[in-house]
Amino acid sequence: MSDLRHISTNIVDDICVVHLLDNRIVDDINIYELGMELFALVEQNGYSKILLNFSSVGFLSSAALGKLIMLYKKVTIRNGVLKLCNIAPDIRELFTMMNLDRIFSICNTEADALSTF
């Protein structure tokens, strides 16, 4: 996958570690492009273990949450695992308020998450 604008990836063992690059994930076009980049990891590249690192993200819209839910579904259909880490407290609170912390496995750090795959 070349031309990635919204994510960077590296592989640790068989886990695709994805760093979200945008500080604010709110613009419809950027959310669409982010979704396409994330979905391609599963659909085109065949990754079934994905860790999303939110360390650069300061704000996330509800539309972006929709893309994460779609990614979760794509991964679980393939019997894979999706985990999230380094989520800012405000965003983590949003996940909790929307009960998304029941869907997503959320770890404090990348190292913590990697150790649980």
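**Close-up 1. Lys-49 and its salt-bridge partner Asp-14 in the predicted model.** Lys-49 counts as partly exposed, at 26% relative accessibility, and Asp-14, with a relative accessible area of 44%, is likewise partly exposed. The side chains of these two residues meet in a salt bridge, with an N to O distance of 3.1 Å.

**Close-up 2. The salt bridge between Glu-43 and Lys-74.** In this view the closest N and O atoms of Glu-43 and Lys-74 are 2.6 Å apart. Glu-43 sits in helix H1 and Lys-74 in helix H2 (residues 62-77), so that the pair, 31 residues apart, joins distant parts of the chain. Glu-43 counts as partly exposed, at 43% relative accessibility.

**Close-up 3. The salt bridge between Arg-5 and Glu-33.** The side chains of Arg-5 and Glu-33 meet with an N to O distance of 3.1 Å. Arg-5 is found in the segment before strand E1 (7-12) and Glu-33 in helix H1 (residues 28-43), and this pair, 28 residues apart, again links distant parts of the chain. Arg-5 is exposed, with a relative accessible area of 52%, because the cut-off for that class is over 50%, whereas Glu-33, at 25% relative accessibility, counts as partly exposed.

**Close-up 4. The salt bridges of the model taken together.** The count comes to three salt bridges, among them the pair formed by Glu-43 and Lys-74. Side chains of opposite charge can pair when their charged atoms come close.

Note on methods:
Residues numbered from 1 in each chain as written. Predicted model: local features only at pLDDT ≥ 70, side-chain atom pairs only at ≥ 80, totals over all residues. Heavy atoms only, no water. Salt bridge = Lys/Arg side-chain N within 4 Å of Asp/Glu carboxyl O. Helix = DSSP H or I, 4+ residues; strand = E, 2+ residues; numbered from the N terminus. Buried < 20%, exposed > 50% of the residue type's maximum accessible area, 1.4 Å probe, protein only.
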